[in-house]
There are 2 protein chains.
Amino acid sequence: MSGDADRHTLHNRVLAVLGPAIVAGEYEPGHVFTLERLEREYGVSRTVVREAVRVLQSMRLVRSRPRTGVQVRPDEEWSVFDPQLIRWRLAGSGRMAQLRSLTELRAAIEPPAAAAAARNAPREWREPLVEVCERMTAAGQEGDQDSFLRLDIEFHRRILRLSGNEMFVGLTGVVAEVLTGRTEYHLMPRPPRAEALRLHAHVAEAIRDGLPDVAQAAMRSIVGEVDEALSEAAEPDR
Amino acid sequence: MSGDADRHTLHNRVLAVLGPAIVAGEYEPGHVFTLERLEREYGVSRTVVREAVRVLQSMRLVRSRPRTGVQVRPDEEWSVFDPQLIRWRLAGSGRMAQLRSLTELRAAIEPPAAAAAARNAPREWREPLVEVCERMTAAGQEGDQDSFLRLDIEFHRRILRLSGNEMFVGLTGVVAEVLTGRTEYHLMPRPPRAEALRLHAHVAEAIRDGLPDVAQAAMRSIVGEVDEALSEAAEPDR
DNA sequence: GTGGCAAGAATAGTGTTACCAATGATGTCC
DNA sequence: GGACATCATTGGTAACACTATTCTTGCCAC
């Protein structure tokens, strides 16, 4: 799914523990590590710790200075769009909060992306989008949840790609994580609501037919509906 | 401006050359470095090269495997929201393309952010927003371009913060870069247009008065206008 | 021969250790 | 209260052992 963050190197294993711990707020902002402490704690060599810290630093989770050590930064300064950081948050206790903020982000991005797709998509990719939508609908009606999720992700991914804006494309991972997360935590109506399926079809057809306003309005209905569903499930985590 | 990426460490200096070079497309996707080659090329030790590569890897610019080397990934796989990557692009030849895609992103995000701010902003921060807007207007009318830019950034930053959504907050850096970039490359009307200033005031007052729809509509006018201005200046780079 | 597979060699990243240099926070002296 | 010594901690170098992955080779079956 993600590329190479999963390679079983030592510094990746250190990262996979240290990163989530910091993200979960187990260390106050301002808390300082020393490399030596981390070396002992994880039983690894200096090089490994340094490389792990370097990555955390590039995510702006920590800063590192001589004589002071490695200091945890306040969360307002983190690179919250970093895919790895998002995954750590979704895996931890902050998952509902993260899911909510990401859903609001989707609600902002996807309607303009759909409009852009209706304007910019190359001819040859318009009809295939409708086909993906149809297969998704079929899977939903048959109750095949795995295929439905896979095709739902594929549908939204294609729209972001067809928008022609690299920043929108860069959010495909986020959308995939949100949809997967909603399914995993049973925040997805089963079977999918008929109205939602129809709205997806409207989006696909409007993009195919080059109707930006229609595509945007239909997409707004989709993500707005999702937003409400999530707000209803709003409760303190756990 | 950014935190600690500017500390004059050796690996940062290597990063500051290698990163922009890759981002500028000086190496085909698939191109492989070896650590040894980089060591010699930059005249630094292995540790330094390894840490620089580790950062590039976390940005998904490269992947690193034994027996193969360090391989440049195709640009669709890059973490395009990484602030450092954005800065590299804005500094290089891709700056107009990057500016356009970021402007479209702003156009998607800021109106919903303004609406959210009108709903969620704490009482005590509403009036100050209007004050910032007034000082910005004054600076604009006096022709004080530096102060105007600074206050314009401050204005948009506050709205994103007041939205209460951490993902929106995470885009403050992007907005700052875009506004600064537009000023530097003289894509900003001077003096600022009176209508634009009035729209900013409408946004601030609508947020103060808790009117999400008004705030959203006014913000949409602001970013829509900007979008047009940028499209007019659309020419192949250089 | 040709295709497929297994064993082994070659090659580059990965991990360890030891040591010295540079930095900047902290306290001290005047 | 400003200049300066101090010292802990990161930053950087070097040399080497380990290990994963790819490529080659050679065998075997068809």
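DNA strand D is surrounded by 22 residues, the closest being A:R67, B:L10, B:S45, B:T47 and B:R65, where a residue is near a strand if one of its heavy atoms lies within 4 Å of it. Of the atoms of DNA strand D that come within 4 Å of the protein, sugar and phosphate account for 68%. This is a predicted model, in which local features need pLDDT of at least 70 and side-chain atom pairs count only at pLDDT 80 or more, while totals for chains, interfaces and linings use all residues. Residues are numbered from 1 along each chain as its sequence is written, chains are lettered from A in the order in which they are written, and side-chain values use heavy atoms, without hydrogens and water.

**DNA strand D**
- The side chain of A:R50 places an N or O atom 2.8 Å from a base nitrogen of DNA strand D, a polar contact being a pair of N or O atoms within 3.5 Å.
- Base oxygens of DNA strand D lie 2.7 Å from a polar side-chain atom of A:R67 and 3.2 Å from one of B:R67.
- With 3 residues, α3(A) gives the most to the surface near DNA strand D.

**DNA strand C**
- DNA strand C is surrounded by 23 residues, with A:L10, A:S45, A:T47, B:R50 and B:R67 the closest.
- Sugar and phosphate make up 61% of the atoms of DNA strand C that come within 4 Å of the protein.
- Phosphate oxygens of DNA strand C lie 3.3 Å from a side-chain N or O atom of A:R65 and 2.9 Å from a backbone N or O atom of B:L35.
- The side chain of A:R67 has an N or O atom 3.4 Å from a base nitrogen of DNA strand C.

Conventions
Polar contact = N/O pair within 3.5 Å; in protein donor to acceptor, adjacent residues only side chain to side chain. Helix = DSSP H or I, 4+ residues; strand = E, 2+ residues; numbered from the N terminus.
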